[in-house]
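Please look over the sequence and the model before reading the points below.

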Amino acid sequence: MHLSAEAVAVAPTLAVAYALVARAEHPGRRRVLAAVTGLALIVAAFATRLQPLALHTFLWAHLLQNVVLAEWAPALLVFAVPPALGRRVARLRLFRPHVALPAWLLTYVVWHLPWVYDFALRHTHSLLHVEHLMYLGAGISLWWPVIHGGYSSGAKAAYLFAAFLLASPIGLVLALVPRPIYSFYEHAPRTWGPGPLGDQQLAGVTMAVEQAVVFFAVFTVYLSRFLREEQADATVFDELRAMRR
């Protein structure tokens, strides 16, 4: 097993925090399952063979860790929060859409700048942990207004569409640029798998497809709710108009 600070410290800390929350406000089985799944994803990303591959060999492995921390695990962990607590926390400025979305996008963009990315990978016991914690925090902030915010389904659908639209260029750039842009992975020793450019293209395509699937799936849920709500409102309006005649 390849342990890292994220697996050793972050996952157990989150598990203890969630246990305390669950004692105060019972979350229900679905939310407990979501918490367990989110924590399991973090452990799987940083306590398996994926960890040394990300640290030493493949960009695609590192990007997979990033999307686990910035998108998958945060969505599950935020959903796991009991609704009453979630609504109270949603009032904080950090969890409002006009703050959460730019913070998440800025985190993604800055840490994908070539010189920042390479520098972090050369400081795996310090700066790289900061990067991962920032991804997790930004991801939690991103998903909070969707899951616990008191906004309309239409507003949430638009927010998710904006998140996908604004973040997707990162993966597309990695997939389309005709040369490796991260010197760390360009010169990484490889005994198997794709070369530096193929690795970067695979990472970019994986990131773009993953974001399309995740955001489009949740976007579809909220868009469907919005359309049903609009239809219900129209039906009520027609009934009221008929009663006045």
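Helix 6 passes helix 9 in a right-handed crossing, where right-handed means that the near helix is turned clockwise from the far one by less than a right angle, and left-handed means anticlockwise. The model is predicted, so local features need pLDDT of at least 70 and side-chain atom pairs count only at pLDDT 80 or more, whereas totals for chains, interfaces and linings use all residues. Residues are numbered from 1 along each chain as its sequence is written, and side-chain values use heavy atoms, with hydrogens and water left out.

**Overall architecture**

- The protein has eleven helices and zero strands; helices (H or I, at least four residues) and strands (E, at least two) are DSSP runs, numbered from the N terminus.
- Read from the N terminus, the order of elements is α-α-α-α-α-α-α-α-α-α-α.
- Along the principal axes, the C-alpha atoms of the protein fill a box of roughly 80 × 45 × 30 Å.
- Of the 245 residues, 43% count as buried; buried means under 20% relative accessible area, exposed over 50%, and partly exposed in between, with a 1.4 Å probe and protein chains only.

**Helix packing**

- Two packed helices are described by the angle between their axes and the distance between the axes.
- Axes are lines fitted to C-alpha atoms, for helices over the stretch in contact, and angles run from 0 to 180 degrees between N-to-C directions.
- Helix 6 packs against helix 9 (residues 153-176) at an angle of about 15°, and their axes are 10 Å apart. This makes helix 6 roughly parallel to helix 9, since angles under 35 degrees count as roughly parallel, over 145 as roughly antiparallel, 65 to 115 as roughly perpendicular and the rest as oblique.
- Helix 6 also meets helix 8 (residues 127-147), with axes that come within 8 Å and cross at roughly 150°. Helix 6 and helix 8 are therefore roughly antiparallel, and helix 6 passes helix 8 in a left-handed crossing.
- Helix 2 (residues 29-46) and helix 4 (residues 59-80) pack with their axes 7 Å apart, at an angle of about 165°. These two helices are therefore roughly antiparallel to each other, and the crossing of helix 2 past helix 4 is left-handed.

**Nonpolar surface patch**

- A nonpolar patch on the surface is formed by Leu106, Val109, Val110, Leu113 and Trp115, which together have about 500 Å² of accessible area.
- Patches are made of residues with over 30% relative accessible area and no salt bridge; like charges are joined within 9 Å, and nonpolar side chains (Val, Leu, Ile, Met, Phe, Trp, Tyr) within 5 Å. Accessible areas come from the Shrake-Rupley method with a 1.4 Å probe, and for residues only the protein chains shown count as cover.
- Helix 6 (residues 97-111) contributes the largest share of the patch, three residues.
- Leu113 is located in the loop between helix 6 and helix 7 (114-121), and its relative accessible area of 35% makes Leu113 partly exposed.

**Salt bridges**

- The whole structure contains two salt bridges, each defined as a side-chain nitrogen of Lys or Arg within 4 Å of a carboxyl oxygen of Asp or Glu.
- One of them joins the side chains of Arg88 and Glu25 (2.5 Å, N to O). This pair links distant parts of the chain, 63 residues apart, with Arg88 in helix 5 (residues 83-89) and Glu25 in the loop between helix 1 (5-24) and helix 2. Arg88 is partly exposed, at 41% relative accessibility.
- A salt bridge also joins the side chains of Arg190 and Asp199 (3.4 Å, N to O). Arg190 is partly exposed, with a relative accessible area of 21%, whereas Asp199 is buried, at 0%.

**Two glutamines of helix 11**

- Gln200 lies in helix 11 (residues 196-244) and is buried, with a relative accessible area of 2%. Gln200 and Ala175 are 25 residues apart in sequence, and their C-alpha atoms are 6.5 Å apart in space.
- Gln231 also lies in helix 11, but Gln231 is exposed, with a relative accessible area of 57%. The C-alpha atoms of Gln231 and Ala17 are separated by 41 Å, and the two residues are 214 residues apart along the chain.
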